Amino acid sequence: MMERKLSEDYEEVPCDSANAVVEGCRLPVLMRSGAEYQMAEILSIKELAAMREYYVHFLDFNKRLDEWVDEKRLDPSKVFFPKKISPSRPSSPVAGDVPTLPLLATTSSTPSLNKKKKQGQKRPYDEIDRSSSQPPTPAPSPGPATPITLIKVEIKEEIPDLLSGGPATPAGQGAATTAGPRTTGSLMMHSNDDVVTRMKNIEMIELGKHRIKPWYFAPYPQELVHLPCIYICEFCLKYRKSAKALERHLLKCKLRHPPGNEIYRKNNISVFEIDGRKNKQYSQNLCLLAKLFLDHKTLYYDTDPFLFYVMTQLDNRGFHLVGYFSKEKESSEDYNVACILTLPPYQRKGFGKLLIEFSYELSKFEGKLGSPEKPLSDLGLLSYRSYWSHTILGILFTHKASGDQERPQITINEICELTSMKKEDVISTLQTLGVISYYKGGFVIVLTPEMGKNHEKSSRLTKIDPKHLHWTPKDWSKRAKW
Ligand code: ACO
Ligand code: ZN
């Protein structure tokens with residue numbers, strides 16, 4: 001796809017120096033880790049005293065890796081100009097002071113980028129490490145010679161098109177990339193991207209004891225965005241322009257926990273439910289903070305239709321924000337999560353899956369099936385896949401044959417009822433796990449001893465304990481106004 005884009009819309013033009021590079025060009029840029037060159041697009045250029053800086057987006061990588069680089073990190077020997085501004089096309093408008101350059105034959109492939117890559121060097125730190133997050137190797141299909149099954153759970157019903165890859169819509173990657181933008185406005189696709197909101201605008205935030213580098217644009221007030229750091233009160237989430245100003249705020253701010261009701265507490269983990277209408281300012285500040293780490297989130301002001309479930313960790317200084325998810329009070333599409341976030345200092349410690357588990361516990365209390373709002377981000381998809389797989393395998397491994405059954409049997413609907421997961425998520429997870437086979441005229445789930453071992457190894461220590469959830473769902477449709 002990227003190769004096609006480069007070859008059709010771009011034209012390679014050799015340049016002697018980075019001075020010829022203009023916005024919109026694509027060329028190899030050394031990644032922050034210093035390990036390798038990757039094709040990147042120049043989104044913006046700024047002139048500093050004696051040098052230029054370039055804001056680059058690495059084509060095959062998430063936007064959170066976008067950054068300002070100096071010219072030493074560019075490889076100007078392989079610059080691709082968009083054909084409409086290519087200096088080799090005399091009829092095209094030439095942007096800026098681009099010198100006229102000799103025309104090279106248009107190459108049809110992506111240039112080799114790895115000539116400077118040193119063997120064994122690490123990928124950038126925040127690039128997704130897929131090796132640790134791949135679904136387990138699919139179980140082999142039971143052929144006549146293959147001994148099968150430690151455990152076989154027969155699926156009782158027909159699953160149309162499951163094996164043929166037909167219309168059973170996976171809510172996994174497919175849904176994540178194809179779902180269109182929705183009208184309630186909590187998530188939005190790239191169509192809304194303009195140059196300003198594509199670029200990170202905030203250098204650093206301080207939140208409690210953490211200094212965190214933002215990943216994406218967030219519309220904090222203009223007078224704050226050019227400062228080296230924005231200081232945020234970790235309890236009420238108000239923002240200040242200096243450490244001094246925050247100190248003054250902390251003398252007055254009495255909050256030591258999020259507003260709203262504490263509906264869950266076990267050990268040091270609590271969850272507070274916050275009504276986006278009743279605690280509007282907190283909810284808006286939370287959305288603004290979350291936007292720094294959520295690429296597609298566009299809701300900041302109209303928080304009324306949402307509830308916010310904020311997870312905290314308690315110590316002697318107070319309840320510290322770990323992460324949250326938002327949820328529409330009424331969802332016509334059975335979404336049980338609109339946006340979900342673990343703050344970066346707490347990521348990869350299991351809090352994301354704990355938040356996801358909490359969202360399904362709420363759905364269980366409501367007696368509903370639920371699913372996260374699409375599109376999912378790359379990290380959102382990884383986390384949901386992992387949670388779904390683990391939850392379903394937990395059920396399958398413990399499911400016993402009943403009565404006179406020779407083997408345990410289960411239906412997809414039973415899995416949905418036990419987990420509160422929607423059918424398409426259950427089916428896509430079973431497909432991703434590669435455990436469904438067709439055997440003697442029916443569907444069977446084949447689980448290997450290896451999968452059992454992996455399942456046990458990946459069990460989480462901290463889980464949501466529903467006994468500690470003190471919550472009664474409200475029927476928002478019966479209320480005059482949210
Ligand atoms: N690279 C590789 N794997 C990762 C990474 C990473 N950077 N981050 C998380 N994972 C994997 C974990 O290894 C784990 O997989 P495993 O179960 O196979 O071990 C799984 O994802 C979940 O890990 P957790 O520690 O439970 O999740 P975490 O606390 O890191 O939170 C979350 C996950 C919420 C998606 C977080 O990455 C985040 O806030 N990202 C930014 C915001 C975002 O993208 N939110 C989702 C948007 S979609 C939506 O809102 C519906
Ligand atoms: Zn405060």
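Colleague: What makes you call Lys-329 buried?

Modeller: This is a predicted model, and in it Lys-329 has a relative accessible area of 7%. Buried means under 20%, so Lys-329 is buried at 7%. The residue sits in the loop between β15 (318-328) and β16 (335-337).

Colleague: Which backbone atom lies 2.6 Å from the side chain of Lys-329, and why does that count as a polar contact?

Modeller: The backbone oxygen of Asp-304 is 2.6 Å from a polar atom of the Lys-329 side chain.

Colleague: Let's go to the metal. How do you know which protein atoms are donors of the zinc ion (ligand 2)?

Modeller: The donors are Cys-233 (SG), Cys-236 (SG), His-249 (NE2) and Cys-253 (SG), and they lie 2.1 to 2.3 Å from the zinc ion. An N, O or S atom within 2.8 Å of the metal is a donor, so these atoms qualify. Along the chain, their spacing reads C-x2-C-x12-H-x3-C.

Colleague: Why is the arrangement around this zinc ion called tetrahedral?

Modeller: The four donor atoms subtend angles of 96 to 121°. Tetrahedral requires all angles between 85 and 135 degrees, so the arrangement passes. As a reference, the ideal angle for four tetrahedral donors is 109.5 degrees.

Colleague: Are Cys-233 and Cys-236 buried or exposed?

Modeller: Cys-233 has a relative accessible area of 1%, and Cys-236 has 10%. The limit for buried is under 20%, so Cys-233 is buried, and Cys-236 is buried by that limit too.

Colleague: What makes β10 and β11 a pair?

Modeller: Two bridges join strand β10 (residues 230-232) to β11, and the strands run antiparallel. At least two bridges are needed, so β10 and β11 count as paired. Ile-232, for instance, has Tyr-239 in β11 as its bridge partner. These strands belong to an open sheet of four, ordered β9-β8-β10-β11, with mixed pairing. Its edge strands are β9 (210-212) and β11 (239-240), each of which pairs on one side only.

Colleague: Why do you describe strand β4 as largely enclosed?

Modeller: Six of the seven residues of β4 (residues 52-58) are buried, so the rest of the structure largely encloses this strand.

Colleague: Which strands pair with β4, and how do you know?

Modeller: Strand β3 (residues 37-47) pairs with β4 in the antiparallel sense over seven bridges. Strand β5 (residues 67-70) also pairs antiparallel with β4, over four bridges. The requirement is at least two bridges, so seven is enough for β3, and four is enough for β5. A hairpin of four residues connects β3 to β4.

Colleague: And Asn-19, why is it called partly exposed?

Modeller: Its relative accessibility is 45%. Buried is under 20% and exposed is over 50%, so a value of 45% falls in between. Asn-19 lies in the loop between β1 (10-13) and β2 (26-30).

Colleague: What does Asn-19 touch beyond its neighbours within four places in sequence?

Modeller: With those set aside, Asn-19 is in contact with Arg-52 and Glu-71. Asn-19 and Glu-71 are 52 residues apart in sequence, with their C-alpha atoms 8.7 Å apart.

Colleague: How do you know that Glu-373 carries an "active site" label, and what makes it buried?

Modeller: The label comes from the UniProt annotation, in an unreviewed entry. As for burial, Glu-373 has a relative accessible area of 1%, and the limit is under 20%, so it is buried. Glu-373 is in the loop between β18 (371-372) and α8 (378-398). Pro-375 is found in that loop as well.

Colleague: What makes the peptide bond between Lys-374 and Pro-375 cis?

Modeller: Omega is about 0° for the bond joining Lys-374 and Pro-375, and the bond is cis. Most peptide bonds are trans.

Colleague: Why point out the phi of Arg-348 and of Ser-420?

Modeller: Most residues other than glycine have a negative phi. Arg-348 is not a glycine, yet has a positive phi of about 60°. Ser-420, also not a glycine, has a positive phi of about 65°.

Notes:
Residues are numbered from 1 along each chain as its sequence is written. Chains are lettered from A and ligands numbered from 1 in the order in which they are written. This is a predicted model: local features need pLDDT of at least 70, side-chain atom pairs count only at pLDDT 80 or more; totals for chains, interfaces and linings use all residues. Side-chain values use heavy atoms; hydrogens and water are left out. Donors are N, O and S atoms within 2.8 Å of the metal (3.2 Å for Na, K and Ca); water is not among the atoms, so sites may look incomplete. Four donors count as tetrahedral if all angles lie between 85 and 135 degrees; four count as square planar and six as octahedral if opposite donors are over 155 degrees apart and all others between 65 and 115; anything else is irregular. Buried means under 20% relative accessible area, exposed over 50%, partly exposed in between (1.4 Å probe, protein chains only). A polar contact is a pair of N or O atoms within 3.5 Å; within protein, one must be able to donate a hydrogen and the other to accept it, and residues adjacent in sequence count only if both atoms are side-chain atoms. Contact means heavy atoms within 4.5 Å. UniProt positions are given in the numbering used here, feature names are shortened, and annotations may be inferred rather than shown by experiment.
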